[in-house]
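Here are some notes to read alongside the model. Keep the viewer open and look up each residue as you meet it.

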Amino acid sequence: MDHPFTPGFGKRPPALVGREELLASAAAALAAGPGHDSFLRLMTGSRGVGKTTLVNEIELEAQAAGWRVISVDANVRPRPEDSVLAMIEEECLHHLGDVSPEARRRITGFNLGQILGVSWENSDERKRSLRRMLEALVDASDAEGGAGVLVTVDEFHNLTDEQASSLSSSLQRITERRQKRLAFIGTGLAQMKHGLLNRPGFTFFRRCDHCDVAHLGLDDAMAAIAGPLEGAGVEIGPPELCRAAAATRGLPYAVQSVGAHLWRAAGGPPGPVASDHVAAAVELMEADVAEKVVTPIWARLSAADKRFLFAMLPDTDGSSLVSIAQRLDRPAAHVHTYKGRLLDEGVVTETPLGDLAFTSVAVRYRADQELALEAMSVQESQRLSRRVPPPDEAGRLQQALRAAPAVCGAAMPRARAACVLAAGHKGPHRSKRSRRGSMTPTPAPAD
């Protein structure tokens, strides 16, 4: 007998524990129509928090309620030439071809036969065609007595300015101006709130309803592990259950992973789960999280982000912002800026006392590995260039922190960013690089 858990991205767990409020608000928005604040929504959260699973569940409930659903993943292209817009258009054509003859006759102001055979030569035609097809599909849904059209874009942060601008133009015209039942849900990484949504093409989406998908609480994580195990006849006591759930830090991906490994460690249905089973399952879960969650996140972190994490390594029960600032020799504004960035990335979390902790053992382990590599690199460089003995182990942290590129890090509140110039630079602060590599100022957002 196979285990009852689903440790994979986008897979539906046995029960969506702790997500009842989010599902209820989505259902209420669809039922209310364009006037509801959440009819156009962006759902953000760290990798592995369950955004895709949530939107898949909303899609299923919407379909059951009579909605036509257009679902695309901005990270997956069936063909290299496909864009997000092309995939939405293809889905529109599929739905339009499925419309009943009676409903087709009731669509006004649009020649469906022409659009089914159309080909686009430039981006302007594509923009106009996307809006016309979406509006035709909404009209067709209304003509056949349907509830409306729901468009979902997973991995929304992968959209280009042009794609976002075209999609927002359609939503603005059809949903906001004409108040037709074209709903939208996009899911993306939390950090896009501080960068992507400030770009010109994403202005409309900055005004949409934003929903943060948080980690599960301890009680919900325990319920998500215990329910499937006990339902399949595997016993787990309160101490073992609490220990396993706490190790996940509320990350839904980790919850499903540790549940699957608990099942296997206990021998499947025979059970019960013992303490050594929990230890083995947690270790395997951390390996899963390191490979599937931490590695992709680590690739996105800047040198300054990693320096921040290195500064947390000496602490075992949470790092105070004061301690981190002292180790980095940086002002409080710098620490607060990077605290927000790393919280959004999902590599640190706040403790009840307000300190910061790594979200998993896997993140701490990766930071420790990288710090060791930094120290080894410095030691080898010193040995080859100056033939001096490497410093003792006690200086490893400070040495690596000094070796990593130091940046100014001054807070730039209006740009919602931190200065990326070298520490001690002259002139104004800058928050990003131009395409040619020179530093350029970031314009302040509109009031």
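1. Let us begin with a term: helices (H or I, at least four residues) and strands (E, at least two) are DSSP runs, numbered from the N terminus. In that scheme, A143 belongs to helix α6 (residues 123–143). This is a predicted model, in which local features need pLDDT of at least 70 and side-chain atom pairs count only at pLDDT 80 or more, while totals for chains, interfaces and linings use all residues. Residues are numbered from 1 along each chain as its sequence is written, and side-chain values use heavy atoms, with hydrogens and water left out.

2. Is A143 buried or exposed? With a relative accessible area of 12%, A143 is buried; buried means under 20% relative accessible area, exposed over 50%, and partly exposed in between (1.4 Å probe, protein chains only). A143 and V99 are 44 residues apart in sequence, yet their C-alpha atoms are 9.3 Å apart in space.

3. Now for the whole chain. The protein chain holds 17 helices and eleven strands, and 47% of its 447 residues are buried. Contact here means heavy atoms within 4.5 Å. Among contacts between residues at least 6 apart in sequence, 71% join residues at least 24 apart.

4. Next, the interior. A nonpolar core is a set of buried Ala, Val, Leu, Ile, Met, Phe, Trp, Tyr and Cys residues joined through side-chain atoms within 4.5 Å. The largest one has 58 residues, and I225, L262, V289, F308, L309 and I324 have the most contacts inside it. Helix α12 (residues 275–300) gives the largest share of this core, nine residues. Another core, of 37 residues, lies apart from it and includes L96, L130, M192 and L196.

5. Look at helix α14 (residues 321–328), where L321, I324, A325 and L328 are buried. The arc is that of the directions from the helix axis to the C-beta atoms. The face turned away carries the exposed residues V322 and Q326. Just after α14, D329 takes a positive phi of about 55 degrees. Setting aside neighbours within four places in sequence, I324 is in contact with F308, A311, M312, S319, V335 and L356.

6. Which residues of α10 are buried? They are E240, L241, A244, A245 and A247. Down the axis of α10 they fall within an arc of 160 degrees, so they line one face of the helix. On the other side of α10, P238 and P239 are exposed. The buried residues of α10 are covered by elements including α9, α11 and α12.

7. Finally, see how helices pack. The axes of helix α9 (residues 218–231) and helix α11 (residues 252–265) come within 10 Å and cross at roughly 35 degrees. Axes are lines fitted to C-alpha atoms, for helices over the stretch in contact, and angles run from 0 to 180 degrees between N-to-C directions. In this contact, A221, A224, I225 and L229 of α9 meet V255, V258, G259, L262 and W263 of α11.

8. Compare helix α3 (residues 84–98) and helix α7 (residues 161–177), which pack at an angle of about 35 degrees with their axes 9 Å apart. V84, L85 and I88 of α3 make the contact with Q163, S166 and L167 of α7.
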